[in-house]
Amino acid sequence: ARWFGTVDQAEAFPAVLPVTMTRASSLRYGENPHQSAAFYTANDGVRGIGQARQVQGKALSYNNLNDADAALELIAEFRDAEPTCVIVKHANPCGVATAASLEQAYAEAFACDTVSAFGGIIAVNRPLDAATAKAITGIFTEVVVAPDADEDALALFAAKKNLRLLLTGDLPDAGRAGLFAKSIAGGWLVQDRDAGTPGELTVVTKRAPTEQELADCRFAWTIAKHVKSNAIVYAKDGATAGVGAGQMNRLESARIAAWKAKDAADKAGWDAP
């Protein structure tokens with residue numbers, strides 16, 4: 001939850017922390033069918049999924065909103081970067097790529113994990129064009145999040161009645177201040193938003209990495225921030241090659257990521273993963 005603003009607070013964690021939210025909609029059910037749920041918007045001035053314009057598609061579900069938020073928070077990291085595409089499934093990125101065009105970025109993100117991308121959530125950092133929209137509509141996609149879309153892209157999406165298209169306008173600032181809260185039995189855990197970015201890197205290996213390898217390290221680091229722990233991300237040439245998420249130990253996450261990276265390398269014809 002990111003609905004605790006710190007504006008006009010004398011301290012980051014005051015003795016009393018007020019919460020003000022406005023119910024935006026009642027949802028059919030929560031994370032599971034037996035759970036009731038509603039969606040509330042924050043009064044913190046941040047534009048997110050709750051403020052996006054839904055152009056088409058069915059009402060967003062609890063899981064749609066959760067996954068779309070995960071995709072938006074990750075693509076916000078690339079707000080000022082070259083064309084970038086993020087594909088999220090079950091709140092974890094399964095493919096991310098930065099490329100010369102949005103269409104190419106989608107193709108490379110999709111190539112990372114073509115199985116998990118089915119029924120996923122896609123977010124991009126540029127207005128959608130027809131070429132990218134045509135590629136996205138090639139498979140079943142639950143939600144697409146973008147700053148905007150041109151008329152040709154809108155026409156292509158309109159043919160997919162069940163696809164939810166959300167236009168956000170400006171992307172949120174990934175480095176913005178704020179608090180993150182999680183409910184536990186009898187209380188709440190509250191911490192600063194994770195606005196950290198890789199700082200100056202110190203090379204400790206015998207062979208110094210190339211500039212491209214350093215860029216890939218920073219790219220993978222940024223994505224790992226949005227992968228459920230234990231998180232392992234392999235990247236190559238501005239695209240994820242393998243993502244291992246949510247395992248109880250790093251070894252298993254690394255094995256999963258390595259297996260996915262080898263599969264991606266075989267499909268892409270790389271000399272090595």
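**Close-up views of a predicted model**

**View 1. Asp148, Asp150, Glu151 and Asp152 form a negative surface patch.** As in every view here, the structure shown is a predicted model. One member of the patch, Asp150, sits in the loop that runs between strand S7 and helix H4 (151–158). The relative accessible area of Asp150 is 33%, so this residue is classed as partly exposed.

View 2. When neighbours within four places in sequence are set aside, the residues in contact with Thr141 are Gly119, Gly120, Ile122, Ile136 and Leu163.

**View 3. Val19, Met21 and Tyr40 make a nonpolar surface patch.** The patch covers about 250 Å². Met21 belongs to strand S1, which comprises residues 21–27. With a relative accessibility of 33%, Met21 counts as partly exposed.

**View 4. Asn66 lies in helix H1.** Helix H1 is made up of residues 62–76. Asn66 has a relative accessible area of 40% and is therefore partly exposed, a class that lies between the limits of 20% and 50%. Ile49 is 17 residues from Asn66 in sequence, and the C-alpha to C-alpha distance between Asn66 and Ile49 is 9.2 Å.

Notes:
Residues numbered from 1 in each chain as written. Predicted model: local features only at pLDDT ≥ 70, side-chain atom pairs only at ≥ 80, totals over all residues. Heavy atoms only, no water. Contact = heavy atoms within 4.5 Å. Patch = residues over 30% accessible without salt bridge, like charges linked within 9 Å, V, L, I, M, F, W, Y side chains within 5 Å. Areas by Shrake-Rupley, 256 points an atom, 1.4 Å probe, with all protein chains shown as cover. Salt bridge = Lys/Arg side-chain N within 4 Å of Asp/Glu carboxyl O. Lys, Arg positive; Asp, Glu negative; His and termini not counted. Charge placed at Lys NZ, Arg CZ, Asp CG, Glu CD. Helix = DSSP H or I, 4+ residues; strand = E, 2+ residues; numbered from the N terminus. Buried < 20%, exposed > 50% of the residue type's maximum accessible area, 1.4 Å probe, protein only.
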